[in-house]
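Student: Let's go through this one together. Show me the model, then I'll start asking.

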Amino acid sequence: MKIALRVLIRAAICGQLWLAPVVLAVIETYEFSSPDLELRYHQLSQELRCPKCQNQNIADSNAPIARDLRVVLYEQLEQGATDDEILAFMVARYGEFVRYRPGVDRNTVLLWAAPGLLLMLGAVGLLFHFRQRPSARSTDLTEAEQAEITRLLGEPRD
Amino acid sequence: MRAKRFIPLVAFAVLAGLLFRGLSIDPTELPAARLGQPFPDFAQPELNSGRQISVSALSELPALVNVWATWCYSCRVEHPYLLALAEQGVPIYGLNYKDEPVKAREWLAQLGDPYQLNVVDKEGSVGLDLGVYGAPETYVVDAAGHIAHRHVGVLDEAVFQRDFIRWFPAAASPVVAVGSEGEQ
């Protein structure tokens with residue numbers, strides 16, 4: 001009996017540990033008509049940004065607007081909307097801001113190009129760096145300079 | 001190669017300039033996606049009369065559409081200024097956003113009613129179509145029925161004079177000072 005209880009407790013603890021990552025998201029119950037819809041719900045709710053609490057996606061946010069958007073997302077999925085249609089619906093209302101992967105337009109082109117540009121900048125910098133190093137090093141000392149160094153090194157310290 | 005030694009200085013100046021610019025940008029202010037589009041149609045009850053209304057009820061244009069709720073503290077701050085604007089002859093339509101109509105009617109009875117009429121949006125569906133993400137928000141609907149401007153947060157004298165006045169030149173005459181008392 002005691003052993004059974006211990007096993008039960010251990011199982012309960014393990015069960016909770018296993019659940020831990022799941023609890024990070026807001027808990028809500030939606031009945032999906034297919035597991036595929038549920039998967040898409042999770043993907044999309046993590047890709048859509050909450051307009052109110054801007055550094056959270058709508059899956060994590062407790063803001064009322066995030067809840068509303070989750071409901072809309074659920075309803076549209078059940079009605080058979082495609083991912084693109086749902087994203088277009090959200091963007092029409094909240095702008096590209098609402099996507100964590102915004103489309104490329106006048107406002108976001110710099111955002112998309114930045115990694116490439118920075119990489120190129122770095123490459124150019126490195127190129128210059130390695131090109132100029134050897135020439136800088138090869139300046140030999142004149143005899144007078146060498147003598148000066150020897151003299152300085154030979155001076156007693158105070 | 002003299003110029004090379006100035007590269008760090010230039011880089012610093014550019015970075016400092018960008019960061020300084022960043023100080024005066026409010027990241028919570030989102031560009032309105034609906035700008036330039038017709039005000040989205042709706043079928044909702046009116047707050048006081050209970051009759052069903054649609055977008056055609058916004059008849060006196062240009063007008064303000066003010067998104068408010070009794071649970072919204074800033075709306076209370078903003079309310080006296082809306083009253084002052086209404087007195088100036090600026091038409092204001094209310095969107096009572098995710099609120100209890102009973103509480104909303106009480107609020108208007110107590111604090112005064114600056115609105116031509118109020119759209120009851122208990123579920124927030126009109127708000128969703130507009131791209132509302134909190135209250136208060138105030139929209140300008142221009143003479144053609146298009147959304148011309150959105151302001152997020154408390155509307156006060158300074159904001160009105162800066163961003164709204166061009167649609168309501170008649171309100172340029174001094175707005176009652178009582179309006180700015182809620183300014184933070």
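**Loops, sheet, chains**

Student: Where is P136(B) found?
Tutor: P136(B) lies in the loop between helix 4 (125-130) and strand 6 of chain B. Helices (H or I, at least four residues) and strands (E, at least two) are DSSP runs, numbered from the N terminus. Residues are numbered from 1 along each chain as its sequence is written, chains are lettered from A and ligands numbered from 1 in the order in which they are written. This is a predicted model: local features need pLDDT of at least 70, side-chain atom pairs count only at pLDDT 80 or more, and totals for chains, interfaces and linings use all residues.

Student: Is the peptide bond from A135(B) to P136(B) cis or trans?
Tutor: The bond from A135(B) to P136(B) is cis, with omega near -5°. A cis peptide bond also joins L61(B) to P62(B), where omega is about -5°. P62(B) sits in the loop between strand 2 (52-53) and strand 3 (63-68) of chain B.

Student: And K98(B), what is its phi?
Tutor: Near 45°, a positive value in a residue other than glycine. K98(B) is in the loop between strand 4 and helix 3 (101-111) of chain B.

Student: Is K98(B) buried or exposed?
Tutor: Buried, because K98(B) has 20 C-beta neighbours inside 10 Å. The scale: 20 or more other C-beta atoms within 10 Å is buried, 12 or fewer is exposed, and in between is partly exposed, with C-beta atoms placed from the backbone.

Student: On to the sheet. What is the strand order in chain B?
Tutor: It is an open sheet of 5 strands in the order 5-4-3-6-7, with mixed pairing. Strand 5 (118-121) and strand 7 (147-152) of chain B are at the edges; each has a single partner strand, so one side of each has no neighbour in the sheet. From one strand to the next, the twist averages 20°. Axes here are lines fitted to C-alpha atoms (for helices, over the stretch in contact), and angles run from 0 to 180 degrees between N-to-C directions.

Student: How many bridges join strand 4 and strand 5 of chain B?
Tutor: 4 bridges join strand 4 (residues 92-97) to strand 5, and they run parallel. Strands pair if DSSP finds at least two bridges between them. Within this pair, L95(B) stands opposite V119(B).

Student: In what sense do strand 6 and strand 7 of chain B pair?
Tutor: Antiparallel, over 5 bridges, with strand 6 at residues 137-141. Y139(B) has R150(B) of strand 7 as its bridge partner. The two strands form a hairpin with 5 residues between them, and G145(B) in the turn has a positive phi of about 85°.

Student: Which residues have the most contacts inside the largest nonpolar core?
Tutor: L64(B), V65(B), I92(B), Y97(B) and V141(B), in a core of 53 residues. Such a core is a set of buried Ala, Val, Leu, Ile, Met, Phe, Trp, Tyr and Cys residues joined through C-beta atoms within 7 Å.

Student: What is L64(B) in contact with?
Tutor: Leaving aside neighbours within four places in sequence, L64(B) is in contact with V90(B), I92(B), T138(B), Y139(B) and V140(B). Contact means C-beta atoms, placed from the backbone, within 7 Å.

Student: New topic. How many helices and strands are in chain A?
Tutor: Chain A has 6 helices and 0 strands. Buried residues make up 13% of its 158 residues.

Student: Where is Q146(A) found?
Tutor: In helix 6 (residues 143-154) of chain A. Q146(A) counts as exposed, because it has 11 C-beta neighbours inside 10 Å. Q146(A) and L111(A) are 35 residues apart in sequence and 54 Å apart in space, C-alpha to C-alpha.

Student: And D36(A), buried or exposed?
Tutor: Exposed, because D36(A) has 10 C-beta neighbours inside 10 Å. D36(A) lies in helix 2 (residues 35-47) of chain A. From D36(A) to L87(A) is 51 residues in sequence and 18 Å in space, C-alpha to C-alpha.

Student: How many residues of each chain are in contact?
Tutor: 12 residues of chain B are in contact with 13 of chain A. The chain B side has 6 nonpolar, 4 polar and 2 charged residues. Nonpolar covers Ala, Val, Leu, Ile, Met, Phe, Trp, Tyr, Cys and Pro; charged covers Asp, Glu, Lys and Arg; the others, Gly among them, are polar.

Student: Where in chain A is confidence lowest?
Tutor: In helix 1 (residues 2-23), at a mean of 59; confidence is highest in helix 4 (residues 83-94), at 93. In chain B, pLDDT stays under 50 over residues 177-184. Where pLDDT is low, the predicted coordinates should not be read in detail.

Note on methods:
Two residues are in contact if their C-beta atoms, placed from the backbone, lie within 7 Å. pLDDT is the predictor's confidence in each residue, from 0 to 100.
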